[in-house]
Amino acid sequence: MSGINQSLQQKLQQRLSPLQIQIMKLIEIPAIQLEQRIKEELEQNPVLEIDPVEKPDDSDDGPIDDINSSASESPRETSIEEYLRLEADTPAYKLQSNNFSPDDQKDEVPVSEGMSFLEHLEEQIGLQSFTEEEEQIAHYIIGNIDEDGYLRREVEQMADDISFATNNDVEPDIIQRVLSVVQRFDPLGVGARDLRECLLLQLKGKNLQDPINRLAYDVIDQCFEEFTKKHYDKIEKKLRIEDTEDLRDAVEEILRLNPKPGSVYSGAIVKTSQAIVPDFIVEYEDNQLSFRLNRRSEPELHLSRTYTEMLEEYSRNKNNQSNDQKEAVQFVRQKLDSAKWFIDAIKQRRNTLKLVMQAIMDYQGEYFIDGDDKKLRPMILKDIAEKTNLDVSTISRVTNSKYVQTPFGIYALKYFFTEKAQSPEGDDISSREVKQILQESIDAEDKHKPLTDDRLTEILQEKGYTIARRTVAKYREQLGVPVARLRKII
């Protein structure tokens, strides 16, 4: 008979206060989502009210007046041919694009009208048989899907984020289960982590009893790397295809798929719904750089006088309260605490964003004057963390999904973070300067004899840039340029 063993374990566990949790959640969301978040809090908490008085203007974060609605030009359709790259698991940087024109006027701030791509996905959550926990996870997953339709976070990372935000352990298996449902949402291919998965999700939606559809699926599933390199002879051998015509039909079926499923919904209506609302506005006037927060979606909040007076009245008559009145006092007190936490969290979010943006602007001051990429200094998250005395994780949250309007266009805040390279003089420079030379060299090449990575390395060395070949290959891929063999024309 086994006995009962008793042991003592010491466990160190960090518990976050409700205010800290509120701040972490609010710091992550961009300006375009903040308005909805505040609206939700107002609906849930009657003690919280909007100040009817217009916000005072100030140099940093006053209201933005007289701003016209505009949007970037619709992105052109991207084919699979353009999208395919060397690696089977396509890195995230290959799936990103910058559709903002440097000719955008500084007073033009795009705003949303109608239903956005993410709202289209959110709407489909209500059609599923999710538990409350699964529904919250689905919202979080969709919040991490970019405009192309790709999921930019690993399942384990999302599990850690949700566990951190809610103070409850969330297993990766639950995230994966909910993700599998989201990946069946319209448009097909949404929620994929890379191009291969995106294509497979779309092919799964077809009739796989059809021999050509089945072959197309097998090509991507089993021969994706060969497909990206156009090694069709290897595919035929690996899949034991007897009729080359069948492979040709399967490839044509694959090429009909959309490498950017989000563009089906958002790209076509970008001028009315897929809009970017900048979180920061940088201005350069009278030889002075300044910035302010975009607070058009952030109304001033205050505690309801009615409820605060009600609580004061009840507090003066503690001895004569009925059970119902005591419950009412407890309800009001809880709502007041919640409202105070939310107001404080909004203020701390504002202060943290301003602190980080000021550090970025100080660091990249020369670039913000005229938008010359060559003036971008090498900068990583750690650099800004050290300047602000904030954690690197906080800097990452602040810069994620945030945009800044400059005198020469609208850019993702992550755009200003660049790797380090060396100039001919031996100075540290932004890798973007090297990439610009690479792009110019590739644009000017003879397409019948495109430049190899070895030759591109030599060209850079001739210009005084000592860059390793593997780094050249990496920069070329980040530019979205395939290897020379795939650039060659007959």
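This report describes aromatic pairs, cysteines, a helix crossing and some backbone features in a predicted model.

**Aromatic contacts**

Across the structure there are 10 aromatic pairs. In one of them, the rings of Tyr367 and Phe368 stand with their centres 5.9 Å apart and their planes at 75°, and because planes over 60 degrees apart count as edge-to-face, this pair is edge-to-face. Both partners, Tyr367 and Phe368, are buried. Tyr367 also forms an edge-to-face pair with Phe408, with 5.5 Å from centre to centre and 90° between the planes. This second pair connects distant parts of the chain, since Tyr367 belongs to helix 15 (residues 365–370) while Phe408 lies in the loop between strand 5 (403–406) and strand 6 (409–412), 41 residues apart. Phe408 is buried, as is Tyr367. Ring pairs extend the picture to a cluster that links Tyr367, Phe368, Phe408, Tyr411, Tyr415 and Phe416. Another contact with an aromatic ring involves a charged side chain: Arg377 lies over the face of Tyr363, at 4.1 Å from the ring centre.

**Cysteines**

A disulfide is a covalent bond between the sulfur atoms of two cysteines. The structure holds 0 disulfides. Cys198 has a relative accessibility of 0% and therefore counts as buried, and Cys223 is likewise buried, with a relative accessible area of 0%.

**A helix crossing**

Helix 14 (residues 323–363) packs with helix 16 (residues 381–388) at an angle of about 115°, and their axes lie 9 Å apart. The two helices, helix 14 and helix 16, are therefore roughly perpendicular to each other, and helix 14 passes helix 16 in a right-handed crossing.

**Backbone features in loops**

Most residues other than glycine have a negative phi, and most peptide bonds are trans. Against that background, a cis peptide bond joins Asp186 and Pro187, with omega about 0°, and Pro187 is located in the loop between helix 7 (172–182) and helix 8 (195–204).

Lys230 is found in the loop between helix 9 (211–228) and helix 10 (232–239), whereas Arg240 occupies the loop between helix 10 and helix 11 (244–255).

Key. Residues numbered from 1 in each chain as written. Predicted model: local features only at pLDDT ≥ 70, side-chain atom pairs only at ≥ 80, totals over all residues. Heavy atoms only, no water. Phe/Tyr/Trp six-rings, centres within 6.5 Å; stacked < 30°, edge-to-face > 60°. Buried < 20%, exposed > 50% of the residue type's maximum accessible area, 1.4 Å probe, protein only. Helix = DSSP H or I, 4+ residues; strand = E, 2+ residues; numbered from the N terminus. Lys NZ or Arg CZ within 6 Å of the ring centre and 35° of its normal. Disulfide = S-S within 2.5 Å. Axes fitted to C-alpha atoms, helices over the stretch in contact; angles between N-to-C directions. Parallel < 35°, antiparallel > 145°, perpendicular 65-115°, else oblique. Left-handed = near helix turned anticlockwise from the far one by under 90°.
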